[in-house]
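Welcome to this guided tour. Please open the structure in your viewer and keep the selection tool at hand.

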Amino acid sequence: MSGNSQNQISKLKHIRSGLAIYQTGRSPYWYVRLWDPVAKRYVRKSSKETSRIEATEAAIEFADSYRKNVDPTLAAAKDRSFEAYARRLDAYNKASGGSKRSYSDGHKILFREGDGLISYFGKYDVGKITSGEMRDYLVHLDSRRPKPLANSTKAKQCMMVRSVLRLAFEDGLIDKLPETPKLKTVDKPRVTFSEKEYKKFMTVARKCAERGDVVRGVKITHKHVHLFAFIVHSFLRPTEKELFGLRHGDVEVRSNPTHLVIDVHGGKTGFRKAATLSFAVLLYNGTYMSMTTPDPDQYVFMPEYKNRATAIATARRIFNHVLDQAGLKFDTNGNARSPYSLRHFAFQARLRGSKGHVNIYWLAQNAGTSVEQLERFYLKNMELSAQQVQNLQTLGDEG
């Protein structure tokens, strides 16, 4: 009994998270108690000090030295940890008012159970994360999966690491941001139409409407044809957030020059006001010819479907039917076309049709994309116009 009472803690002083000093009846000295997060156990050591103040200093010195020896990458203080800054970044992103999809994607990368960034780097000191540590993390991700992640997906993980570390850099905790490991990315082709193919597609679409072709119980009409053309003249994505989420209240007809101004809610890059080409006005007017004034809450295209996912699926089936009828299901490289191919064609047609005069920054901003995307996926693979070919063949003045 007396032995047990001598070992019992009589005084306990918490210094910081995981670190404390205490006394027992066995010794006049204060003992240090430190939690080892790697071994998941307490480490105990005599401070050799009878003064509480001196024992506290000895405990802090021991804790700092121990953690450096156990794992130099671990944060000595919680406010220097990767997790602390990751949570700050997540809070900033949530409050920033950006698109919900963008926030959700970033949140999943940070908090994914098992191998998310916080799960892997959470206890790391922000100043100890290097390019090599990121590369090890990518190896860890692949080791948990039946096949390696795409390099584009890996790049997103690394960019999120840098976004977290950027906050620490701004706070002065690190001198510079580590470089992202070099990853070879292969851009997937943006499947589109040539001018000739698009004209053929629209001609066949009109013939399908005139015949009244039926696809899965749905009769093709000229309004479906207008929908396809509207993508080309508005640059909208054929998604629930953009084209299929468009209501009459989101559309304003403008003149001088004639065009529509569209409020795009919750698109891939968040809210934007988008201007269309002039022909989109005629297409839009044709969607409500039977009404003197359209209901502002009614969907512009295929309003008979309250479930917009059903509207999208129906439009896709009609699009595929027209492709089959026109023999345009695949491009020359064997890539299958989708309704997105109309948006891709819209970019190329505008860039080519303007003969170089369109402002590529304004085009990207209006379409909710970036100049980098236009250059990587459209300009690089676009066929030369007759004017460009003629320019290449021009000879200088030989006189």
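Helices (H or I, at least four residues) and strands (E, at least two) are DSSP runs, numbered from the N terminus. This is a predicted model, where local features need pLDDT of at least 70, side-chain atom pairs count only at pLDDT 80 or more, and totals for chains, interfaces and linings use all residues. Residues are numbered from 1 along each chain as its sequence is written, and side-chain values use heavy atoms, with hydrogens and water left out.

**The whole protein**

Show the protein as a cartoon to begin. Its secondary structure comes to 15 helices and nine strands. Of its 399 residues, 41% count as buried (buried means under 20% relative accessible area, exposed over 50%, partly exposed in between, with a 1.4 Å probe and protein chains only). A contact means heavy atoms within 4.5 Å. Among contacts between residues at least 6 apart in sequence, 56% join residues at least 24 apart.

**First stop: the largest core**

A nonpolar core is a set of buried Ala, Val, Leu, Ile, Met, Phe, Trp, Tyr and Cys residues joined through side-chain atoms within 4.5 Å. Which residues have the most contacts inside the largest nonpolar core? Select Phe193, Phe201, Phe230 and Leu342, which hold that place in a core of 56 residues. The elements giving two or more residues to this core are helix H8 (195-211), H9, strand E8 (259-267), H10, H11, helix H12 (340-353) and helix H13 (360-367). H11 gives the most, with eight residues.

Next, centre the view on Phe201. Leaving aside neighbours within four places in sequence, Phe201 is in contact with Phe193, Phe228, Phe319, Val322, Leu323, Leu328 and Leu342. Elsewhere, apart from this core, lies another core of 25 residues, among them Phe82, Leu117, Ile118 and Tyr137.

**Second stop: the aromatic rings**

Show the aromatic side chains. Rings of Phe, Tyr and Trp (its six-membered ring) pair if their centres lie within 6.5 Å; planes under 30 degrees apart count as stacked, over 60 as edge-to-face and the rest as tilted. A search of the whole structure finds 15 aromatic pairs. In one of them, the rings of Phe193 and Phe201 have centres 5.5 Å apart and planes at 45°, so the pair is tilted. Phe193 and Phe201 are both buried.

Now select Phe230 and Phe301, a tilted pair with 5.0 Å from centre to centre and 55° between the planes. Phe230 lies in helix H9 (residues 222-234) and Phe301 in the loop between helix H10 (279-285) and helix H11 (308-326), so this pair ties together parts that are 71 residues apart in sequence. Phe230 and Phe301 are both buried. For a cluster, select Phe82, Tyr120, Phe121, Tyr124 and Tyr137.

Select H9 on its own. Ten of its 13 residues are buried, including His224, Leu227, Phe228 and Ile231. The expected span of a helix is 1.5 Å times one less than its number of residues; for H9 this gives 18 Å, and its end C-alpha atoms are 18 Å apart, which agrees.

A charge sits over a ring if NZ of Lys or CZ of Arg is within 6 Å of the ring centre and within 35 degrees of the ring normal. Select Arg33, in strand E3 (residues 31-36). Arg33 lies over the face of Tyr42, at 4.6 Å from the ring centre. Is Arg33 buried or exposed? At 13% relative accessibility, Arg33 counts as buried. Then select Arg308, which lies over the face of Tyr299, at 3.9 Å from the ring centre.

**Last stop: backbone details**

Most residues other than glycine have a negative phi, and most peptide bonds are trans. Select Asn256 and Pro257: the peptide bond between them is cis, with omega near 0°. Pro257 is in the loop between strand E7 (251-254) and E8.

Arg216 has a positive phi, near 50°, and lies in the loop between strand E5 (214-215) and strand E6 (218-219). Arg216 is exposed, with a relative accessible area of 68%. Met302 also has a positive phi, near 50°, and is found in the loop between H10 and H11. Met302 is buried, with a relative accessible area of 7%.
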